[in-house]
Amino acid sequence: MKKNLYKIFISALGFMTVSGSTFGQNKMKEADQQFELFNYKKAILLYEQAYKKKAEIHSAERLAISYRLINDYKQAESWYAILVKMPESNTENLLDYAKTLQNNAKYSEAKAQYLNYFGKHKQVPAQQQNILLLSCDSALIWMKDPKQLEIINQKTWNSAQSDWAAISYQGNVVFSSDRSNFVAQQNTRKPFLKFDGTVWPDKKVYGWTGNGYLKLYSTAKGTDELSLFNIPTGTNYHQGSISFSADENTAFFALTQLPKRLKRSKGKPATIHVEIYSSSRNASGNWSKPIPFTYNNASSYSVADPFISPDGKTLYFSSNMPGGLGGSDIYSSTKTEDGSWTTPLNMTTVNTAGNERSPVLGLNGEFFFSSDGRVGMGGLDIYKARLKGSSADQIENLKYPLNSPQDDFGFSLNDQGSLVFLSSNRFEGLGQDDIYSLKARPVIQLKLIGQVLDKKTQLPIANSLVALSKIDGGILKVETDATGRFKFDLSPESSYTLVGVKTGFLADIKELNTLGLTSSTVIEKQLYLEKIELNKAIRIDNIYYDFDKWNIRPDAAIELDKLVKVLKDNPSIWIELGSHTDSRGKDTYNLNLSQKRAESAIQYIISRGIDQNRLTARGYGETQLVNRCSNGVECSVEEHQENRRTEFKIVKF
């Protein structure tokens with residue numbers, strides 16, 4: 001998530017503010033305005049409403065982009081799949097679709113879309129093509145033979161929002177988080193900060209995400225007791241990652257604060273970039289007023305991710321300052337005898353045309369960093385290099401499962417120079433970015449094998465994605481082979497959830513465990529995926545209403561809960577729920593009654609946590625009878641019952 005550096009956008013007074021009259025205009029105009037102000041969560045709600053009213057390319061494209069920018073890759077994939085099929089779609093959307101598939105670990109599908117894009121864009125450099133294609137091939141290989149590591153979610157520290165950049169300090173752990181006392185609409189994905197379209201940014205809510213701002217917290221290892229880290233940063237806005245000197249008496253940290261004078265262009269939002277500051281701790285344990293880094297330039301570029309070398313002589317950081325090789329590059333600056341810092345040096349042997357983040361210097365010249373510009377799993381991957389002066393060589397990807405298809409960054413080392421904490425927005429976390437620790441896996445004697453099959457045809461499904469999630473542990477993923485088969489190593493005394501997914505199919509989920517197994521065992525599980533047929537009516541049995549009523553009875557709630565599970569297991573699908581009556585009674589009465597019943601069912605589903613934009617209520621009355629029993633035709637009770645039904649249709653996946 002933290003692919004970009006933090007920045008704040010502030011709208012100019014008199015320009016781009018959201019006036020009361022704007023809200024009276026149509027949904028699309030309002031959505032566009034929220035999009036331009038980087039309020040993507042608000043824009044998404046409005047674009048979805050606009051798309052439901054009329055399926056146009058503009059709303060589909062903006063939805064794909066918005067979901068991608070908040071790193072909701074599952075939803076982004078769904079919208080890109082719709083978008084690239086539209087005749088007017090720009091071919092650049094193919095590239096973003098391929099990247100989104102890669103973020104979702106659908107590497108075979110991603111590779112196919114990359115090749116599709118390269119076929120339409122002959123000018124793409126061969127080096128870029130090779131990196132993208134090799135990334136897909138390498139990820140498949142790494143996932144089939146994962147490192148014997150367990151990536152453990154630090155649930156006592158993580159929140160429903162974004163938690164990252166954990167580092168040990170005086171026996172405790174300090175990290176950055178945008179948790180707050182209100183319910184977040186969406187978790188922050190980037191260390192970039194963007195605001196609502198008000199004259200000054202809200203001091204509590206960050207408009208891009210609907211969360212609070214990043215703050216520094218401290219916690220004792222092994223506990224869930226949190227407190228704000230007591231350092232006077234002097235800002236109401238973001239406080240990012242922190243690095244401590246070897247004696248732990250000097251801290252370098254990233255933050256954003258509003259200058260007294262803003263540099264802005266007429267009609268455009270002003271941009272406030274992240275900066276690096278330092279502070280020293282005295283004998284009483286009090287931190288000094290922060291001192292700005294010499295090369296801060298909040299109006300023009302960001303400097304972030306500070307790391308001070310163990311000898312205190314070199315500051316490494318990430319910046320998008322002019323003259324770099326890519327989006328954000330890693331730089332080093334050396335402290336002189338008079339205490340000043342030398343002009344930042346671009347570490348050209350590390351940097352790429354992509355983004356480099358999170359520099360950390362370990363023992364014996366080992367240099368760790370994150371990058372999305374090299375062969376990797378997708379998003380930011382963690383790499384290790386050998387540093388000689390300002391030059392690096394022997395750069396290697398730390399592979400799977402330490403790296404994931406999403407962003408992996410914000411890590412720290414222990415005293416032995418090994419990775420101890422990392423940050424990631426990988427799926428199945430508690431929030432958007434979570435803090436993880438690493439542990440070597442035990443000697444494996446337990447195995448899981450299985451096959452993914454088409455539920456209807458019983459034929460194997462190749463290149464489907466299977467994920468094995470350990471309860472209170474990590475997650476492993478693999479693509480099935482040509483025969484639909486997969487395999488995993490298991491840990492003793494563990495419980496797991498097994499999920500199979502494939503584009504165009506409903507997911508299947510199974511549970512398994514190794515509790516009580518004392519000898520080598522092979523567990524076998526089959527997954528059955530049902531192919532999605534758009535607009536096909538699927539009957540929900542046992543949905544009954546009292547006479548002339550539309551409230552949901554307990555017996556009906558049981559059946560609707562099954563539909564809720566389908567919606568939760570398949571978060572990108574939209575449905576229409578239709579209610580039907582028999583022909584007895586007046587036509588208008590039946591139509592109104594069925595609409596109320598459909599709306600009542602939809603409200604129940606919403607109450608179970610499903611977004612209402614995914615749902616449409618439709619009362620059909622007696623307009624779609626399934627037999628001969630129309631007005632005036634004598635029929636049995638059983639025949640009339642056939643027409644009294646509730647159905648749902650998948651209208652988008």
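Salt bridges in a predicted model

Biologist: Are Arg179 and Asp163 buried or exposed?

Modeller: This is a predicted model, and the two residues are considered together here. Burial requires a relative accessible area under 20%. Arg179 and Asp163 are both classed as buried.

Biologist: Which residue forms a salt bridge with Arg179, and which parts does the pair tie together?

Modeller: The closest N and O atoms of the Arg179 pair are 2.6 Å apart, and a salt bridge requires them to be within 4 Å. Arg179 lies in the loop between strand S4 (172-177) and strand S5 (215-220), whereas its partner lies in strand S3 (residues 163-169), so the pair ties together parts that are 16 residues apart in sequence. The partner of Arg179 is Asp163.

Biologist: Why does Lys388 count as exposed?

Modeller: Lys388 meets Asp393 in a salt bridge, with an N to O distance of 3.7 Å. Asp393 is partly exposed, at a relative accessible area of 31%. The exposed class begins over 50%, and Lys388 counts as exposed because its relative accessibility is 53%.

Biologist: What is the relative accessibility of Glu533?

Modeller: Glu533 forms a salt bridge with Lys536, the closest N and O atoms being 3.5 Å apart. Lys536 counts as partly exposed at 43%. Glu533 also counts as partly exposed, and its relative accessibility is 43%.

Biologist: How many salt bridges does a search of the whole structure find?

Modeller: The pair Arg179 and Asp163 is a salt bridge, as is the pair Asp393 and Lys388. For the whole structure, the search finds 28.

Definitions and conventions
Residues numbered from 1 in each chain as written. Predicted model: local features only at pLDDT ≥ 70, side-chain atom pairs only at ≥ 80, totals over all residues. Heavy atoms only, no water. Salt bridge = Lys/Arg side-chain N within 4 Å of Asp/Glu carboxyl O. Helix = DSSP H or I, 4+ residues; strand = E, 2+ residues; numbered from the N terminus. Buried < 20%, exposed > 50% of the residue type's maximum accessible area, 1.4 Å probe, protein only.
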